[in-house]
Amino acid sequence: MNVLTVTQVNTYIRALIEGSEPLKRIYICGEISNFKLYPSSGHMYFTLKDEKCQLKAVMFASNAVKLRFMPENGLKVICGGRISVYEKNGEYQIYADDMYPYGIGELNLAFEQLKEKLNNEGLFDESLKKELPKFPRKIGVATSNIGAAVEDIKNITARRYPLAEIVIAPTVVQGDNAAPDIVKSLKILDNTDGVDVIIVGRGGGSLEDLWAFNTEEVARAVFACKTPVVSAVGHETDFTICDFVADMRAPTPSAAAELICPDINAVADEILRCKNSIINCVNYKIEKNMQRVIELTENGVLSDYGSVIDSFGKKLTDARTKLIETFDYKTEIRFHNLAALAGKLQALSPLAVLSRGFSVAQKANGDVIKSAAQIEKNDEITLVLQDGRAVCKVKEVSNNE
C-alpha cells in the first residue's frame with residue numbers, strides 16, 4: 001500500500017495543474033461575488049461564478065494597482081491568469097493578473113465609478129462653485145507650454161484683454177506622469193500671488209489621452225484650489241471628471257480664454273454709454289429746473305425780479321457747462337491712462353527691449369551678467385539676442401573709471 005500525506009497529494013495535484021499548458025494562460029468570464037479588498041496588503045480575493053458553478057480567484061496587489069476601475073460584487077468581468085492550487089487548503093483557483101469589465105470599456109466604467117463617488121461626496125455641488133473675476137489681473141494656466149492650446153490662450157487674451165498677465169505652469173498632460181504633474185501645477189498657481197483665475201486643460205484626444213483629467217487626485221486638487229478654476233479639456237464633446245469639479249467648464253482652451261477675458265472694446269463702449277447717460281440725465285435735470293424758473297418769473301410774485309432770475313439762470317448754465325467739461329476731462333484722462341497701461345505692458349516686454357538692438361549677457365550657469373566683476377578673461381558667456389543666442393569668449397575685462 002502506497003500511503004501519501006495530504007501535502008504530497010496537494011503538491012502532486014498542483015504540479016499536474018501547473019504543468020497543463022492550457023491552464024498556464026487562461027481567460028475566464030464570470031460574475032464577481034464575495035469580493036474582499038485588504039487595504040493593508042492591497043490583495044483582492046473574490047469568487048467568479050456563472051449560472052451553475054463558481055471558482056475562487058485572487059489578484060495580488062502588484063496587479064490590482066494597475067486596474068483603472070474598482071471590482072465589485074455583481075460585476076461581470078473577464079479575468080486573465082493562471083490556474084494553480086493553494087496547497088494549504090487544497091483548493092484550486094485562478095491567480096488573476098488582469099481583469100476587464102465584460103461588455104463595457106474599462107475606462108468608461110472607471111469614469112462612471114469615480115463620477116458617482118465624487119458626486120456623492122459633494123464635489124460637484126453647484127453651491128460650492130466660486131465666481132470668476134470680472135476683470136482678471138493675472139491668469140494662471142496649467143497646461144503644456146508647447147502646442148496649440150497654450151498659443152490659443154495667449155492670442156485670445158492679447159486680443160480681448162491685453163491688460164491681463166498670463167502665468168504659465170508648464171505641465172505634462174498625457175501619460176503616467178500627467179496626473180501628479182497637473183496636481184503640482186495647480187498647487188503652484190493657487191499659491192502664486194495675484195493669480196485671480198486658473199485655466200487647467202489641454203487640446204483634444206482619445207479617452208486614453210485625456211485620462212489624467214479623469215483621475216481622483218486631479219479632481220481633488222481642483223476642488224481644493226482657493227482660486228477659481230476653469231476646466232478646458234479636449235474638444236466641445238469631451239467631458240472629464242475635472243469638468244464636473246471645476247468652478248466653470250469651457251468646451252476648449254480657446255473658449256476658456258474667451259470666457260475669462262472681457263472684451264476691452266466692449267468695456268470702452270460701456271464706459272462711453274455710461275458717460276452719455278449721465279450727461280443726458282444732468283441735461284434733463286437742468287432743463288426741468290430752468291423751465292420751472294421761467295414759469296416762476298413769468299407768473300406770480302417773482303415776475304418783477306427778472307434780473308435776479310436771469311442771474312440765477314446764468315449760474316445754472318455756467319454750472320451745467322462746467323460740469324460737462326469736468327466730466328469730459330475726467331473721462332479723457334481715464335482713457336489715456338488705459339492706453340498708457342497697455343503701452344507700458346508692451347514697453348516692459350523683454351522681447352521689445354531685444355528688438356531695439358539690446359542683448360542680455362549670461363554666464364554659463366544662466367546667471368545674468370550685471371557687472372564686469374562677475375567675469376574674468378577667457379570666460380565663456382552667452383549673448384541672448386532677439387532671434388537667437390551667441391556663445392562668446394572674453395578676451396579682456398576692464399572697469400569704467
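This is a predicted model: local features need pLDDT of at least 70, side-chain atom pairs count only at pLDDT 80 or more; totals for chains, interfaces and linings use all residues.
Residues are numbered from 1 along each chain as its sequence is written. Local features need pLDDT of at least 70 and side-chain atom pairs count only at pLDDT 80 or more, while totals for chains, interfaces and linings use all residues, and side-chain values use heavy atoms, with hydrogens and water left out.

Five strands close into a barrel in the order E1-E2-E3-E5-E4, with mixed pairing. Helices (H or I, at least four residues) and strands (E, at least two) are DSSP runs numbered from the N terminus, and two strands are taken to pair if DSSP finds at least two bridges between them. On average, neighbouring strands of this sheet are turned by 55° against each other, direction ignored; axes are lines fitted to C-alpha atoms, for helices over the stretch in contact, and angles run from 0 to 180 degrees between N-to-C directions. Strand E2 (residues 44-49) runs antiparallel to E3 and is joined to it by six bridges. Four residues lie between E2 and E3 in the hairpin that they form, and Phe46 stands opposite Ala57 in E3. By contrast, strand E3 (residues 54-59) pairs with strand E5 (residues 91-101) in the parallel sense, over two bridges. Here Val58 stands opposite Tyr95 in E5. Helix H1 (residues 6-18) packs on the sheet, where it touches strand E4 (76-86) and E5, and its direction makes about 130° with that of E4. Contact means heavy atoms within 4.5 Å.

The largest pocket has a volume of about 780 Å³. A pocket is an open set of points on a 1 Å grid over the protein atoms alone, where a 1.4 Å probe fits, with protein on both sides within 12 Å along at least five of seven lines; lining residues have an atom within 4 Å of a point. The volume is the space filled by probe spheres set on the points. Of the 30 lining residues, Val65, Leu67, Arg68, Trp211 and Thr215 are the closest to the pocket centre. Helices H3 (61-64), H4 (106-121), H6 (178-190) and H7 (216-224) each supply at least two residues of this lining, and H4 gives the most, with four. The lining comprises 16 nonpolar, six polar and eight charged residues, Gly being counted as polar.

Ser231 is located in strand E9 (residues 229-233). Leaving aside neighbours within four places in sequence, Ser231 is in contact with Val200, Thr240, Cys242, Asp243, Ala246, Met248, Arg249 and Ala250.
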